[in-house]
Amino acid sequence: MKNTHPQGSAQTFAGRITEWLTFDNMHHQWLLLAACFWVIFMFMVASKFITLTFKDPDAYSAKQEFLFLTAVPDAGKLPGEKHFPEELKPTGKVPSDSRLVQPLVYVERLELIRNVCRDEALKNLSHTAVSKFVLDRIFVCDKHKILFCQTPKVGNTQWKKVLIVLNGAFPSIEEIPENVVHDHEKNGLPRLSSFSDAEIQKRLKTYFKFFIVRDPFERLISAFKDKFVHNPRFEPWYRHEIAPGIIRKYRKNRTETRGIQFEDFVRYLGDPNHRWLDLQFGDHIIHWVTYVELCAPCEIKYSVIGHHETLEDDAPYILKEAGIDHLVSYPTIPPGITVYNKTKVERYFLGISKRDIRRLYARFEGDFKLFGYQKPDFLLN
């Protein structure tokens with residue numbers, strides 16, 4: 001008996017040790033499993049929070065341009081439906097299963113256009129037929145499936161140079177002679193109007209489409225200076241044919257012998273009956289007619305709208321979205337040249353009657369609203 005008792009005690013002790021080790025091992029396993037579930041749970045909560053945050057653009061400042069979205073609502077769809085408008089669908093430059101993303105500022109610009117286009121009160125100022133006049137403004141690059149609508153006095157010369165290089169007429173922007181850029185027989189830029197109806201529709205539906213805008217009143221000042229004051233490209237018909245026609249009809253002081261003044265120009269543009277003079281002036285009016293008349297933004301679904309004021313950011317973005325940023329660069333932009341100059345605007349409109357300025361704004365109100373430019377109350381009130 002004395003010999004068996006110590007042995008039994010040893011066995012009991014060993015059994016308890018084994019039990020304790022097994023329990024401790026299981027305890028650690030349960031702790032590890034619980035920790036894994038906790039990490040997964042926190043990841044799911046964080047993911048949900050991020051998703052909700054990204055879906056609420058109102059929670060972000062418009063300055064946060066690097067927030068990326070992947071779905072854009074369209075006028076004909078309910079807010080909850082996710083799809084891509086025609087201009088944002090992959091078109092061959094991007095694999096068909098890719099989802100294009102756009103910084104918030106560019107999405108908001110397109111959404112603003114859609115909203116204004118739906119506004120019945122502005123229909124006469126925002127809608128126009130896609131006529132030959134509009135199709136003549138749109139330049140085509142078939143090689144890279146790009147359409148560019150020309151909006152004069154908004155840095156269009158540089159964009160033409162980009163397309164000329166892409167079309168293969170010249171190897172680089174630096175080698176394009178200035179007199180060739182606007183010579184449509186030499187620059188190798190076909191207009192959309194030169195194609196058949198079926199070819200036009202195909203390109204409008206599938207190509208990357210863009211144009212550039214700037215503050216409407218500042219653009220008119222630029223057009224006046226370029227065509228009637230400096231006239232750097234020596235186009236004498238503006239001073240010798242168009243200016244006299246405007247002066248004869250719109251100058252208040254008939255004894256005034258000076259050349260055309262900005263006040264005459266404003267009165268002409270704000271006249272609801274300006275079209276009879278427009279017909280006489282022909283395509284020269286492209287330098288001061290509205291963006292609506294030039295590019296039909298409510299009828300054509302553009303992929304990107306660039307702004308002259310933010311061209312330093314917009315130009316590289318457009319090149320990237322068009323899939324050509326590795327082929328060509330936008331020419332260097334001189335510092336400060338694209339900044340809105342309120343002082344200059346005030347100076348040019350100084351002395352012009354409020355009635356004439358209000359009539360001018362009434363004509364260009366569609367441009368101000370479609371592209372998010374602030375109403376110039378400092379001139380109107």
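Residues are numbered from 1 along each chain as its sequence is written. In this predicted model, local features need pLDDT of at least 70 and side-chain atom pairs count only at pLDDT 80 or more, while totals for chains, interfaces and linings use all residues, and side-chain values use heavy atoms, with hydrogens and water left out.

Visitor: Why is His-308 called buried?

Guide: Buried means under 20% relative accessible area, exposed over 50%, and partly exposed in between, computed with a 1.4 Å probe on protein chains only; His-308 has 9% relative accessibility and therefore counts as buried.

Visitor: Why is Asn-187 also placed in the buried class?

Guide: The relative accessible area of Asn-187 is 0%, so Asn-187 is buried.

Visitor: What makes Ile-164 and Ala-169 contacts of Asn-187?

Guide: Contact means heavy atoms within 4.5 Å, and, not counting residues up to four places away in sequence, Asn-187 touches Ile-164, Ala-169, Val-180, Val-181 and His-182. Asn-187 and Ala-169 are 18 residues apart in sequence, with their C-alpha atoms 6.7 Å apart in space.

Visitor: What makes the pairing of Asn-187 and His-184 a polar contact?

Guide: A polar contact is a pair of N or O atoms within 3.5 Å, where within protein one must be able to donate a hydrogen and the other to accept it, and residues adjacent in sequence count only if both atoms are side-chain atoms; the side chains of Asn-187 and His-184 are joined at 3.2 Å. The side chain of Asn-187 also reaches the backbone nitrogen of Leu-189 at 2.9 Å.
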